[in-house]
Amino acid sequence: MKILKMQLQKNFSRSDVRISFFVFCAVPFAIAFMISMKSGVIDIGTSVFSAMGYTSVILGLLKSLLLIGGVTALIVTAIVSKEIDSGLDNIFLFRLKKREQLLISQMFTIDIFITLVFALLIVGCVLGWLVFLRDTEFGTKLFWEKDSENTRRIIFTVVRSYLEIIVYSKIFTLISIACKYSKAIILNLMILVVMRLLVNIEAIRNWIPTYIGNASDLFEYTGNKIVTHGVQGSLILLLYIIILIILSLYIYKMKDMAR
């Protein structure tokens with residue numbers, strides 16, 4: 001618990017982490033304002049948003065721009081790879097019974113960061129909708145969708161998107177353990193781009209975290225099938241997370257920390 005508390009204090013005092021929190025809360029709020037001003041900042045056509053409908057759209061927009069994934073890649077690589085390169089990890093390892101405890105504390109800190117990013121993004125979307133869009137030509141009076149099926153799709157879109165970014169954070173962690181910072185940051189950003197391209201290959205896209213996270217497959221189903229397939233996709237992402245954690249811990253345990 002001491003090492004976890006230290007990691008939280010150290011990493012949440014970073015300026016890039018604090019700026020990320022501000023950006024992901026402010027951007028949805030600002031976009032809602034610009035939509036209300038008919039600025040054309042995003043093409044919404046004839047859409048009229050509920051609060052969670054707006055949240056789903058903004059989440060998809062920020063993911064398509066690689067903003068959430070890109071920021072996560074930068075933060076994870078800095079926390080894991082840069083601290084190994086600087087020798088900081090070796091200093092902490094002398095105080096621990098098992099070196100894996102340090103990596104677990106880092107991964108847990110990253111998970112909390114991602115959780116807060118999603119929470120603030122949702123807060124920013126809801127506030128933006130309440131202030132600028134609710135009961136206007138761009139927004140309904142409803143928090144959820146009228147159609148219960150669309151509500152289910154939105155819920156799974158948010159849940160799957162969250163798990164998708166957690167999966168990528170574990171991939172970034174694995175790469176950061178294996179490579180020095182300069183190489184790791186390039187590889188991690190390339191992974192995001194490659195995964196977006198792989199979504200276009202129909203034969204494998206159902207196994208790609210980006211495609212699962214987008215939850216676009218759920219529009220092919222109705223009724224209880226939405227829940228069934230929504231849960232299936234979520235379980236696949238959870239399986240990826242477990243495998244990546246085990247693999248990262250094994251490599252971290254075996255790796256020579258001097259590089």
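**Pockets, cavity and helix packing in a predicted model**

Grid points are joined across faces, edges and corners, and a volume is the space filled by probe spheres set on the points. The lining of this second largest pocket consists of 14 residues, of which Asn206, Tyr211, Asp217, Tyr221 and His229 are the closest to its centre. H9 and H10 are the elements that give two or more residues to this lining, and the largest share, four residues, comes from H10. By class, the second largest pocket is lined by five nonpolar, four polar and five charged residues; Ala, Val, Leu, Ile, Met, Phe, Trp, Tyr, Cys and Pro count as nonpolar, Asp, Glu, Lys and Arg as charged, and the others, Gly among them, as polar.

The structure is a predicted model, in which local features need pLDDT of at least 70 and side-chain atom pairs count only at pLDDT 80 or more, while totals for chains, interfaces and linings use all residues. Residues are numbered from 1 along each chain as its sequence is written, and side-chain values use heavy atoms, with hydrogens and water left out.

The largest pocket holds about 310 Å³ of space. Among its 15 lining residues, those closest to the centre are Ser56, Val57, Ile154, Thr157 and Phe219. At least two lining residues each are supplied by helix H3 (51–64), H7 and helix H9 (209–214); helices (H or I, at least four residues) are DSSP runs, numbered from the N terminus. H3 gives the largest share of this lining, six residues. The lining of the largest pocket comprises four nonpolar, eight polar and three charged residues.

One cavity of 30 Å³ or more is found in a search of the whole structure, a cavity being a set of points where a 1.4 Å probe fits but cannot get out. The volume of the largest cavity is about 40 Å³. Its lining is made up of Phe24, Ile68, Val71, Thr72, Phe113, Ile114, Val117, Phe118 and Ile165. Helix H4 (67–86) and helix H6 (100–133) each contribute at least two of the lining residues, and H6 accounts for the largest share, four residues. Eight residues of this lining are nonpolar, one is polar and none is charged.

Two packed helices are described by the angle between their axes and the distance between the axes. Axes are lines fitted to C-alpha atoms, for helices over the stretch in contact, and angles run from 0 to 180 degrees between N-to-C directions. The axes of H4 and H6 come within 11 Å and cross at roughly 160 degrees. H4 is therefore roughly antiparallel to H6; angles under 35 degrees count as roughly parallel and those over 145 as roughly antiparallel.

For helix H7 (residues 148–178) and helix H10 (residues 224–254), the axes come within 9 Å and cross at roughly 15 degrees. H7 is therefore roughly parallel to H10. The crossing of H7 and H10 is left-handed. The residues of this contact comprise 20 nonpolar, seven polar and six charged.

Note on methods
Parallel < 35°, antiparallel > 145°, perpendicular 65-115°, else oblique. Left-handed = near helix turned anticlockwise from the far one by under 90°. 1 Å grid on protein atoms, 1.4 Å probe; cavity = no way out; pocket = protein on both sides within 12 Å on 5 of 7 lines; lining within 4 Å.
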